[in-house]
Amino acid sequence: MNRIITLTVNPAIDKSTTVSGIKPNNKLRCSIPVYEAGGGGINVSRVIHELGGTSLCMYMAGGPTGNHLNDMLVDFGIPQLVVPIEGWVRENFAVTDTSNKEQYRFGMPGPMIKELEWKKTLEQLEAVLTEGDILVASGSLCPGMPTDFFARVSKIAGNKNAKFILDTSGEALLKGAQAGAYLLKPNLGELAKLCGVETISFLELESIGKTFLNQNPCEVLVVSLGPQGAVMLTAQLVEYISAPIVYQKSTIGAGDSMVAGMVLALAQGKSLLEMVQYGVACGTAATMTDGTQLCKIKDVEELNGWISSNSNITQ
Ligand SMILES: Nc1ncnc2c1ncn2[C@@H]1O[C@H](COP(=O)(O)OP(=O)(O)OP(=O)(O)O)[C@@H](O)[C@H]1O
Ligand SMILES: [Mg+2]
């Protein structure tokens with residue numbers, strides 16, 4: 001089994017609560033908030049842990065919120081490598097209106113990072129990464145970080161012969177993809193931006209994806225399609241994996257859960273098809289839990305069984 005390292009440069013404390021009826025200019029009486037460790041790679045590490053795997057969770061953190069995050073990960077028993085920074089870890093906020101089940105998600109930008117701090121992160125990554133590792137960089141950059149940060153990470157992973165998986169968006173994704181990754185997991189909107197087009201229809205997906213793989217040093221492209229599942233493309237393969245219909249509670253964390261499932265399957269030496277099927281099972285399972293909660297192993301196993309046994313009729 002390969003070692004998994006997750007990298008989160010902009011972690012978060014995800015705070016969620018509920019209220020009945022959201023009206024402006026009124027005091028809104030919320031329920032007791034739930035705090036969770038969040039941010040792309042941190043979610044990936046948490047899901048890997050839930051699925052019985054192990055990963056080294058590397059992240060930049062500072063301030064009292066950074067300590068809170070650290071404590072929560074210690075409680076989970078997740079191995080950590082913290083790069084200390086001066087700024088405080090951000091707090092995101094999600095509120096569900098119980099009167100209509102609408103959910104409002106407020107995402108914060110994260111602290112301002114100094115050049116010395118992001119350079120230190122790259123140095124530490126270089127020191128810890130070894131051949132055969134699977135490195136997952138997930139989530140957004142913080143203010144002050146260069147948009148080619150993940151391109152620099154890609155270079156380090158390449159030099160170390162580690163498999164690099166990138167799940168981010170915008171300019172950071174574009175530059176990271178151009179530098180090279182083993183696997184990318186954009187959603188449809190992120191893929192459109194990567195390819196410099198407004199939107200992509202399902203009919204164009206295969207040809208646009210193949211062109212992208214031809215023009216960028218990436219081996220596997222998994223495009224997640226929300227309730228429609230995902231499509232996986234390589235130079236030789238095209239596989240569509242449908243997501244089962246489930247009782248959906250909250251889609252927060254679906255993408256991160258999907259990435260976690262794929263990474264764990266990859267580390268266990270599963271085939272690319274099994275990898276995406278397991279990823280879709282994890283993503284879908286994440287939609288069955290409330291608020292910011294991630295997927296549960298019992299749901300993942302049930303859904304993965306369904307997806308695997310129905311794969312011949314879903315393609
Ligand atoms: N409504 C849904 N019903 C069933 N499965 C879903 C639903 N939404 C998401 N999923 C599952 O989760 C996976 C990832 O979801 P999605 O495509 O929304 O990722 P994303 O846009 O990266 O999400 P995120 O906002 O978490 O980053 C999908 O491929 C699918 O398997
Ligand atoms: Mg995503």
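Pockets were located on a 1 Å grid over the protein atoms alone, a pocket being an open set of points where a 1.4 Å probe fits, with protein on both sides within 12 Å along at least five of seven lines; lining residues have an atom within 4 Å of a point. The model is predicted, so that local features need pLDDT of at least 70 and side-chain atom pairs pLDDT 80 or more, whereas totals for chains, interfaces and linings use all residues. Residues are numbered from 1 along each chain as its sequence is written, ligands are numbered from 1 in the order in which they are written, and side-chain values use heavy atoms, without hydrogens and water.

The largest pocket holds about 1,100 Å³ of space, a volume being the space filled by probe spheres set on points joined across faces, edges and corners. Among its 44 lining residues, R105, T251, G253, A254 and G255 are closest to the centre.

The space taken by ligand 1 is this largest pocket, by the criterion that more than half of the atoms of a molecule lie within 2 Å of the grid points. Ligand 1 is surrounded by 18 residues, each with a heavy atom within 4 Å. Polar contacts are pairs of N or O atoms within 3.5 Å. The side chain of N187 places an N or O atom 2.8 Å from an oxygen atom of ligand 1, and a backbone N or O atom of V280 lies 3.3 Å from a ligand 1 oxygen atom.

The second largest pocket has a volume of about 370 Å³. Its lining comprises 18 residues, with T18, T96, Q103, D290 and G291 nearest the centre.

Terms used. A polar contact is a pair of N or O atoms within 3.5 Å; within protein, one must be able to donate a hydrogen and the other to accept it, and residues adjacent in sequence count only if both atoms are side-chain atoms.
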